[in-house]
Structure formats: C-alpha cells, structure tokens
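Work through the exercises below with the sequence and the structure at hand. Each task is followed by a solution in steps.

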Amino acid sequence: MKLQLPNDLICCAPSTIKDPVRIGCASDGGYIVPRMILDHCDDLLSFGLGENWSFDKEWKKLKPNSKIHMYDGTVSINSMKDYLRSQYNSFFNNSVTVFHYQENVGKKEINPTQTEFATTLQRLGSKRIFLKMDIEGGEFQILEDILAHQDLIPGMVVEIHFANYHRENFKHTVERIKDVYELVHLHGNNHTVLGPDGSCDCFEFTFIRKDLCGATTQRYEFYIDGLDVSNVPGLDDYEFYFEQPKTE
C-alpha cells in the first residue's frame, strides 16, 4: 500500500544506502542495513527481546565471534510460550558469548530499577558495537547517552515511537541523531495504525555514523521491494514515500 508521508516529517527522508541486506526474519524483528557495517562492528548490543530474536541469531551466524548482550526485563523463559523455550535455551544458554540480562535500560533517576546505558557498555567491553533497539518509547531516555558514546557505535537500528502522539519530540529525536549519524533507511511499522495525516506511529530507522558514509543523496522513494516487508504477516505493508520538494 503506497502512502505519502506528510512533509512535516521530511527530516525522516533517508539518504542512499549501499548494498542493503536484511538481517532477521521477514516480518517484525528484521531490519535493513548496509552490508559494509558488518565490517565496522564486532559485537551486538540488543535492547528489546519480546518473542523475536531473529536479528540476533542471524547476526551471530554472520559474525560467529561476536559477543551479543540482550537487555529486556519484561521477558524470562518462564513467561515465554512453550514452543519458544527450547529456542531461547539453544541461543542464550548454550554460548559464553551470548547473554540475556533480564533488565530494562534507562535512567535510574526516572526508574531506580533500570540499568544505565553506560553499564551495558562496560559489561560488553567492546570498541565497535552495533546497537539494535526496540524498547517501546524508552529510547528517548537514553538518546544523549548513545550519542555521547558515538565513537563506540558505528551503526544502529532503532525503532522510534510516537510519531503521531508526540510529533515534536519524535522529530527532535530524529534530528538530534542525524547530527552525528547518517539516516540510510526508513520503514514504517504497520503494527501501528495510520494517523489523520497518513503517518504511522512507529518507524524503524537505520543510522550509520557519518565518518563511515561517503557522498550521499537524499531519497524520497525509499521502500526496497524484496527487503522491506510487512511487520504483520498477511497485512499490506506501508510503502511510504515523500513528495520531492520543488526546486525554485
């Protein structure tokens, strides 16, 4: 389903992405990244588990020596559906380099039970980290912590929420990340319904640190057939695009 996004969100128009690949499943939980980022990252810091760790599993296949630290305090093996428990054990409990911390990441001043972002970096002990983050709005708490450690994080995929309900904060977050990172891909998550101006409420962003990107060109048509897929199997995907600004 091809849909035009409002010009109010033009800050979300991505630039060119070279040699894109999808890592993870062909539904919610898979993300598009440029292949080259695999050469610039050693380890994976993953925030948000739910019932899908397909990105993490494929990352491990692509980079067998990689350390993977997952954080999600809302999920434990006891809370999972029966059919997922053996898969969870196989991935998280059979390797000394893959670990699930049953903790949520955020600011302790907001919630004392949360784990600070700096602590996750110290535990991982890596200088070249890829960050995957889907924490249902928690991303706003740790934005500045991420940017303060940009030297350790060459790239990331981030789900940013509340494009409809908190539009100005959403745009500020995207623009703040773009101060340091190049936005190279955007996909609308069709788990969320469309708002009055045609935008969904949650988008998947792929960011690559600017020093790793060459010359770029902004894309207004950015849906990639064969790689971008519906988050909800059987539901038409949001094939978003922007109207190209008119040149004077």
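**Exercise 1: a loop residue**

Glu 136 sits in the loop between strand E7 (129-133) and H5; helices (H or I, at least four residues) and strands (E, at least two) are DSSP runs, numbered from the N terminus. The model is a predicted one, in which local features need pLDDT of at least 70 and side-chain atom pairs count only at pLDDT 80 or more, while totals for chains, interfaces and linings use all residues. Residues are numbered from 1 along each chain as its sequence is written, and side-chain values use heavy atoms, with hydrogens and water left out.

Task: Is Glu 136 buried or exposed, and what is its phi?

Solution.
- Step 1. Apply the cut-offs: buried means under 20% relative accessible area, exposed over 50%, partly exposed in between (1.4 Å probe, protein chains only).
- Step 2. The relative accessible area of Glu 136 is 55%, so this residue is exposed.
- Step 3. Phi of Glu 136 is near 55°, a positive value in a residue other than glycine.

**Exercise 2: two aromatic pairs**

Task: Classify the aromatic pair of Tyr 31 and Phe 55, then the pair of Phe 140 and Phe 162.

Solution.
- Step 1. Rings of Phe, Tyr and Trp (its six-membered ring) pair if their centres lie within 6.5 Å; planes under 30 degrees apart count as stacked, over 60 as edge-to-face and the rest as tilted.
- Step 2. A search of the whole structure gives 20 aromatic pairs. In one of them, Tyr 31 and Phe 55 are 5.9 Å apart, centre to centre, with 70° between the planes, and the pair is edge-to-face.
- Step 3. Tyr 31 belongs to strand E3 (residues 31-34) and Phe 55 to helix H2 (residues 54-62), so this pair ties together parts that are 24 residues apart in sequence.
- Step 4. Tyr 31 is buried at a relative accessible area of 5%, and Phe 55 is buried at 1%.
- Step 5. For Phe 140 and Phe 162 the values are 6.1 Å centre to centre and 15° between the planes, and the pair is stacked.
- Step 6. Phe 140 is in helix H5 (residues 139-148) and Phe 162 in the loop between strand E8 (155-161) and helix H6 (167-178), so the pair ties together parts that are 22 residues apart in sequence.
- Step 7. Phe 140 is partly exposed, with a relative accessible area of 23%; Phe 162 is partly exposed as well, at 28%.
- Step 8. Phi of Phe 162 is near 70°, a positive value in a residue other than glycine.

**Exercise 3: contacts of a helix residue**

Task: Which residues are in contact with Arg 167, leaving aside neighbours within four places in sequence?

Solution.
- Step 1. Locate Arg 167: it is in helix H6.
- Step 2. Its relative accessible area is 13%, so Arg 167 is buried.
- Step 3. Contact means heavy atoms within 4.5 Å. With those neighbours left aside, Arg 167 is in contact with Pro 6, Asp 8, Leu 9, Phe 162, Asp 197 and Ser 199.

**Exercise 4: H5 and the largest cavity**

Task: Which residues of H5 are buried, and which element gives the largest share of the lining of the largest cavity?

Solution.
- Step 1. The buried residues in H5 are Glu 139, Ile 142, Leu 143, Asp 145, Ile 146 and Leu 147.
- Step 2. They pack against strand E4 (43-47), helix H4 (117-124), E7, E8, H6 and E9.
- Step 3. On a 1 Å grid over the protein atoms alone, a cavity is a set of points where a 1.4 Å probe fits but cannot get out, and a pocket is an open set with protein on both sides within 12 Å along at least five of seven lines; lining residues have an atom within 4 Å of a point. Grid points are joined across faces, edges and corners, and a volume is the space filled by probe spheres set on the points.
- Step 4. There are two cavities of 30 Å³ or more, and the largest cavity holds about 70 Å³.
- Step 5. Its lining includes Glu 139, Leu 143, Ile 146 and Leu 147.
- Step 6. H5 gives the largest share of this lining, four residues.

**Exercise 5: the largest pocket**

Task: What is the volume of the largest pocket, and how do its lining residues divide by class?

Solution.
- Step 1. The volume of the largest pocket is about 470 Å³.
- Step 2. The lining has 31 residues, and Gly 48, Leu 49, Gly 50, Asp 134 and Glu 136 lie nearest the centre of the pocket.
- Step 3. Ala, Val, Leu, Ile, Met, Phe, Trp, Tyr, Cys and Pro count as nonpolar, Asp, Glu, Lys and Arg as charged, and the others, Gly among them, as polar.
- Step 4. By these classes the lining of the largest pocket has nine nonpolar, 13 polar and nine charged residues.
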